[in-house]
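Here are my notes on this model, point by point. Please read them with the coordinates open.

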Amino acid sequence: MPDRQLPRARISLNPIQWMATDDGWLDPARAPEKPELLSLVKGAGFDSVMTDVPAGWTVPQYRELLDDLGLVPAPGYLVCRSDGGDGHEQAVLDLAAQTARVHAGLGLTDIGLGLSMGVSPSRLRRPAQGQDGSPQRLAALTDLVDRIADVMIAEGVRPALHPHVGTWIETESEARAVLDAVASGRLGFLPDTGHLAWAGADVASMIRDYAGRIPLVHLKDCRLGVAAESRAADRDYRATVRAGLWVEPGRGELPLTEFLDCLGSEFDGWLMVEVDSPDLPDPYQSAVASATWARGVFGGTID
């Protein structure tokens, strides 16, 4: 590994470890209030954090808090709460435009785009297996993703597709189908190393094949042994998480630095550390361990 891998990359944290619940889920209400949470992120060793403007806050108010703490905003995430044919499409498009305007106001030009797990219960029951896949549904979702790209690009922000276990875009073939159907200038690719690996994707191959349209990576480690054991035991999503699937980067079984090599040395996008459920005793320790790992891989500061 080089002395400083990906020297132009920008490192960030999505502080979801503070939202992890004992039953294997995420609850944003568990996290501290935003000023305290962002102070903890900075104290743990990160100089950038995923954009998440609280309800009722203005963009200047959020920017002022970040500036006061010495944090840089990194791309956030839009959750699409529709399967493409349930009548909720316009609400998704309205939210997409609003979220894109917030990002543009912060000077960001990219944002993650993923589907809600709430509209795909059968995939939560049997995660990472492409349960109940449907070409018709995938086509409808591809059309909706294309329309989301329209409204976001009109605001100066390009969405990046995030395949995610438990959603209707979960498997490598589903992700490739959508990416190949929508032009790269309109839709980027946001690989999540943990979710792709859990779903059995060839993570390195996907990163290499779509490297030119990746503005952001969710850098996540996991225990593939737990994933395999849980699949054999027919565990659902939450039970798999409770069994110890997620860990801090460098503590699991994924070859994260090998995945990163596939981005190419000129990659200047974001590498966002995520720990969906901390393996360490508390969220702050988890964030500190994540920052320490990142510093060891990338050297120096991690901004």
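**Notes on the predicted model**

1. D221 sits in strand β9 (residues 221-222). Helices (H or I, at least four residues) and strands (E, at least two) are DSSP runs, numbered from the N terminus. This is a predicted model: local features need pLDDT of at least 70, side-chain atom pairs count only at pLDDT 80 or more, and totals for chains, interfaces and linings use all residues. Residues are numbered from 1 along each chain as its sequence is written, and side-chain values use heavy atoms, with hydrogens and water left out.

2. D221 is buried, at 1% relative accessibility. Buried means under 20% relative accessible area, exposed over 50%, and partly exposed in between (1.4 Å probe, protein chains only). Which residues does D221 contact, leaving aside neighbours within four places in sequence? Among them are L245, W246, V247, E248, P249, G250 and R251. Contact means heavy atoms within 4.5 Å. D234 is 13 residues from D221 in sequence, yet 22 Å away in space, C-alpha to C-alpha.

3. The largest nonpolar core has 85 residues. A nonpolar core is a set of buried Ala, Val, Leu, Ile, Met, Phe, Trp, Tyr and Cys residues joined through side-chain atoms within 4.5 Å. I148, I169, W198, L263, L271 and F298 touch the most other members. Beyond its neighbours within four places in sequence, L263 is in contact with L6, I207, A211, I214, V217 and L271. Another core, of seven residues, lies apart from it, and includes A160, L190, L216 and M272.

4. Helix α6 (172-181) has E174, A175, R176, V178 and L179 buried. What do the buried residues of α6 pack against? Their partners are α4 (121-125), α5, β6 (158-161), β7 and α8 (203-209).

5. There are 23 salt bridges. The rule is a side-chain nitrogen of Lys or Arg within 4 Å of a carboxyl oxygen of Asp or Glu. In one of them, D47 pairs with K42, the closest N and O atoms being 2.6 Å apart. D47 is buried, with 18% relative accessible area, while K42 is partly exposed at 29%.

6. R186 and D146 also form a salt bridge, at 2.6 Å from N to O. R186 is in the loop between α6 and β7 (188-189), and D146 is in helix α5 (residues 135-153), so the pair ties together parts that are 40 residues apart in sequence. Both ends are partly exposed: R186 has a relative accessible area of 23%, and D146 is at 28%.

7. E172 and R176 meet in a salt bridge of 2.9 Å, N to O. They are four residues apart in helix α6, so about one helical turn separates them. An α-helix has 3.6 residues a turn, so residues three or four places apart point the same way. R176 is buried, with a relative accessible area of 18%. Elsewhere, salt bridges that share partners join D192, K220, E274 and D276 into one network.

8. How many cavities of 30 Å³ or more are there? The count is one. On a 1 Å grid over the protein atoms alone, a cavity is a set of points where a 1.4 Å probe fits but cannot get out; a pocket is an open set with protein on both sides within 12 Å along at least five of seven lines; lining residues have an atom within 4 Å of a point. Grid points are joined across faces, edges and corners, and a volume is the space filled by probe spheres set on the points. The largest cavity holds about 40 Å³. Its lining is P127, Q129, W198, A227, S230, R231, R235 and T240. Helix α9 (residues 224-232) gives the largest share, three residues.

9. The second largest pocket holds about 290 Å³. It is lined by 20 residues, with A20, T21, D22, S277 and P278 nearest its centre.

10. A128 has a positive phi, near 65°, and is not a glycine. D132, also not a glycine, has a positive phi of about 55°. Most residues other than glycine have a negative phi. A128 is buried at 6% relative accessibility, whereas D132 is partly exposed at 42%.
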